[in-house]
Amino acid sequence: MRSDRGSRAPLGLKIAAAAGLLFLHVPILLIFAYAFTTEERSYQWPPPGFTLQWFAATWNRPDVWQALGLSLRVATISTAIALVLGSLCAAAVSGSRFFGRETISLLIILPIALPGIITGIALRSAFNIADIPFSFWTIVLGHATFCVVVVYNNAIARFRRTSGSLIEASMDLGADGFQTLRHVILPNIGTALVAGGMLAFALSFDEVIVTTFTAGQQQTLPIWMLEELVRPRQRPVTNVVAMVVVLVTLLPIVAAYYLTRDGAEIAGQGK
Amino acid sequence: MTTAVSFQNVSRHFGPVRAVDRVDLAIAEGEFFAMLGPSGSGKTTCLRLIAGFEQPTAGHIEIFGETAEGVPPYRRNVNTVFQDYALFPHLNVIDNVGYGLMVRGVGKAERHRIAAEALELVQLPGYGERRPGQLSGGQRQRVALARALVNKPRVLLLDEPLGALDLKLREQMQEELRALQKRLGITFVFVTHDQGEALSMADRIAVFNDGRIMQLGTPEDVYRRPASRFVADFVGSSNVLPPDFVERHAGTARWASLRPEAVRVEPGAAGAVTGTVAARNFLGASTRIAIVVEGLRLHAVLPAGRVASGEGEAVSLAWDAADLHLMEDEG
Amino acid sequence: MSAAAHAVLPGRGGVFGALADLLWRRPGVLLFVMLLPPVLWLGVIYLGSLFALLAQSFFSIDEFSGLIRHELTLKTYGELFRPSNLDIILRSVIMAAVVTLAAAVVAFPIAYYAARYARGKWRVLFYLGAMLPLWSSYLVKVYAWKLILAKEGILNWAFAQLHLTWLLDLVLAIPVIGGNSLSVSYIGTFLVFLYVWLPFMILPTQAALERVPVSLIEASSDLGAAPRQTFRTVLLPLALPGMVAGSIFTFSLTLGDYIIPQIVGSSRLFIGQAVYAQQGTAGNIPLAAAFTVVPIVIMGFYLWGARRMGAFDAL
């Protein structure tokens, strides 16, 4: 819906929209201010003074580094698994009509449609029943399960926009299935896969609800933060970590947005 | 004369739908062959059977005497110009055109040289660096043509290639396609729902309906001597005359067709066949009038300059016996 | 054009050539190969776990030994209907409903402005403005609200600066939803829920509004409708599927969350917390499993209703 004429928004609407956006963004900006506060024992506002010392303190914290390292490793491997499973499924669902196609779409969406606690507790009790000890891999297993949908959604949207006759054109011109995959399909869905992968990475990097059920003694960064939230011990360090987490998740999301946006333009050209 | 494509009793069913139903067909080498029919008549499925995107449910297809069933599209020396052109959006024009050579392992320099030649053939020299998105509809159509021709196919398939172009461009492309086909000598199989396009371009036309070929013949044949009411109705806008009418005026109780331009109209009710003018449409070069005769609505097309009677006036009609074409069946 | 060229070309040979030919001839094999890994993963691991969990809800726990009795019984489901447990369910559903309604109200102007008036750079800004909070860290967002709602935090400070502390006290004095401070009241919990799930409402609403052709609105005013009437009779019905789609998320996510009420709010439990407590400290897996069935059933009805309203097309 877009008006071509220079119609102006009513003042009330402008104020409501601006207030809504402020409501969404001010709390995150607040995190940035708190990362520099000199106050260590409370959440005092306004901060009595500003300092950079907590960045150094955080830098020297091995537990933060360990949690960060674990989160990055989990997110990387979960994303890789989700990329494979999600793109395979998207290709199958978009490429042909078969019995149970709708069921598969539902199956993929289920892990995020149901509250995370259900996924978490289901996996935990399954690990218990099967006598699987909690480890790095149990965390990955949970994360990959709900990351698939992100990759799938991105890939299937691109498949839908990509004209089906492109694949036929490639085969018509002498390319077999593998050549078509390499020269036509991957270049056309590539950016969508990268975008989906980035979002999956952000999702995994940030996940806490399922992780609390599938992790043993290990702490991912969100679990570390959750501990701090429930029992605050090092408030300044937590403030710094929170800010870093915001920045780390920001980049892939903005990148994913621009990737899919340009992709939409490219894919639309075939029409 | 060599047969380029032959269908022997070919059917293609999609579930209960018989998209192609027991079709027999022989397309000669070097022929410009049109498949004409309304949408859903099976013409595009026939094209896809030749390209290899579909496999026949029953029957046998040969391309230049070689069995086609079970041969994937990428191993058929047959290329297609798609209805939506299907240009690869991620490749520029020269790489689009050279795609077929690339997958066959032709080196880059050689590939670009041949592709540039093909672009000259379709009158788009120097467009190699553009992206498909930067081209107009007509230019995309030419790129699609160049891309399909670069592999030197033995049969070129064109699926409604002019459908997306505006009238003027379409007429220009019709001439160019025809000239190109004569020059290259490649067999063209052309699918269209536009009877004018089929009549003006093709050497022979197959008229499709409900998955079957209703008539196969030269444009002249199909236009002047339609085999059935469907063909008479679909190809041009013939007057289709029911058996009782034909019996009264020609002595035989059979369906017949009568081209509007074969009908002569004189003012006054003096002739053997008389009627009343119901409507008059000025078409520029001609005038088309609708006349109600014995409860039947007939059309006549009169050249411009002839005085046509006004609405509501009585007229008499006449035609040469040779123009009244009796049809084979009642389908 | 050489007359010698064959109409059927030889294959490209090699393992890949042969495999490509095979997969082309048997598209079912290709489909099977593509579907097998995801279906195995989600169908076996994920669904398997879900069913195992559901199965446990039909077991019960022995009150003396604390061990799970592996006999099928509906006893555990019966426990759900204890007043204390019913309270938990009711509390969660009311909170989810209130959060959903509030999210719809707050989201609409943002979505409407973005869909109708924002252009060019502003459009990107609005889109990212909803996207970034959606994807940024859940815990960081909760943490931010812990900072905001703290007694020494910015909200109390702002009220004090404006000499409105009396107003805040008045609100907190309201029974049930009030409390000693915002961070231990239902109002606080509600605010955090609203904040965290709001983007899930904005994006589908905006998408639905973008599909409304501007000519419809012009037609409505052309036919004499006042802006208010146009809004009520044209815009709102057309945006509704998008809002219902968004409400699936806000409702479901609120219903199952156990971290927000644990960090901000009174000590009274929500469904998520009950599940967490039952499976963790209490070790009562059957009751935890039975509790998880509650949101599944509620969401089942919710999705069924949403589907009838055409919300799935707006997803």
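Visitor: Which residues of chain C does the UniProt annotation "domain: ABC transmembrane type-1" cover?
Guide: Residues 89–303 of chain C, according to an unreviewed UniProt entry. UniProt positions are given here in the numbering of this model, feature names are shortened, and annotations may be inferred rather than shown by experiment.

Visitor: What am I looking at, and how is it numbered?
Guide: This is a predicted model: local features need pLDDT of at least 70, side-chain atom pairs count only at pLDDT 80 or more, and totals for chains, interfaces and linings use all residues. Residues are numbered from 1 along each chain as its sequence is written, while chains are lettered from A and ligands numbered from 1 in the order in which they are written.

Visitor: Back to that span of chain C. How much helix, how much strand?
Guide: Residues 89–303 of chain C are 78% helix and 0% strand. The end C-alpha atoms of the span lie 18 Å apart. Helices (H or I, at least four residues) and strands (E, at least two) are DSSP runs, numbered from the N terminus.

Visitor: How many residues does chain C put into the contact with chain A?
Guide: Chain C gives 79 residues and chain A gives 69. Contact means that the C-beta atoms of two residues, placed from the backbone, lie within 7 Å.

Visitor: Which helix of chain C gives the most there?
Guide: Helix 2 (residues 27–56) of chain C, with 17 residues. By class, the side of chain C that touches chain A has 59 nonpolar, 14 polar and six charged residues. Ala, Val, Leu, Ile, Met, Phe, Trp, Tyr, Cys and Pro count as nonpolar, Asp, Glu, Lys and Arg as charged, and the others, Gly among them, as polar.

Visitor: And chain B against chain A?
Guide: That contact takes 23 residues from chain B and 21 residues from chain A. Helix 3 (99–103) and strand 6 (78–81) of chain B each supply at least two residues of the chain B side. The largest share, three residues, comes from helix 3 of chain B. The chain B side has 13 nonpolar, six polar and four charged residues.

Visitor: New topic. What does UniProt put on chain B?
Guide: An unreviewed entry annotates residues 5–235 of chain B as "domain: ABC transporter". That stretch is 36% helix and 27% strand, with its end C-alpha atoms 24 Å apart.

Visitor: What is the strand order in the four-stranded open sheet of chain B?
Guide: The order is 2-1-4-5, with antiparallel pairing. Two strands pair if DSSP finds at least two bridges between them. The edges are strand 2 (17–28) and strand 5 (66–67) of chain B, each pairing on one side only.

Visitor: How many bridges between strands 1 and 4 of chain B?
Guide: Five, joining strand 1 (residues 3–14) and strand 4 (residues 58–63) of chain B. Ser11(B) stands opposite Ala58(B) there.

Visitor: Which helix packs on that sheet?
Guide: Helix 1 (residues 43–51) of chain B, touching strands 1, 2 and 4 of chain B. Its direction makes about 65° with that of strand 2 of chain B. Axes are lines fitted to C-alpha atoms, for helices over the stretch in contact, and angles run from 0 to 180 degrees between N-to-C directions.

Visitor: How is chain B split into domains?
Guide: Domain 1 is 3–233 and domain 2 is 237–326 of chain B. Such bounds come from an automatic or database domain assignment. The C-alpha centres of the two chain B domains are 38 Å apart. Their contact takes six residues from domain 1 and five residues from domain 2 of chain B.
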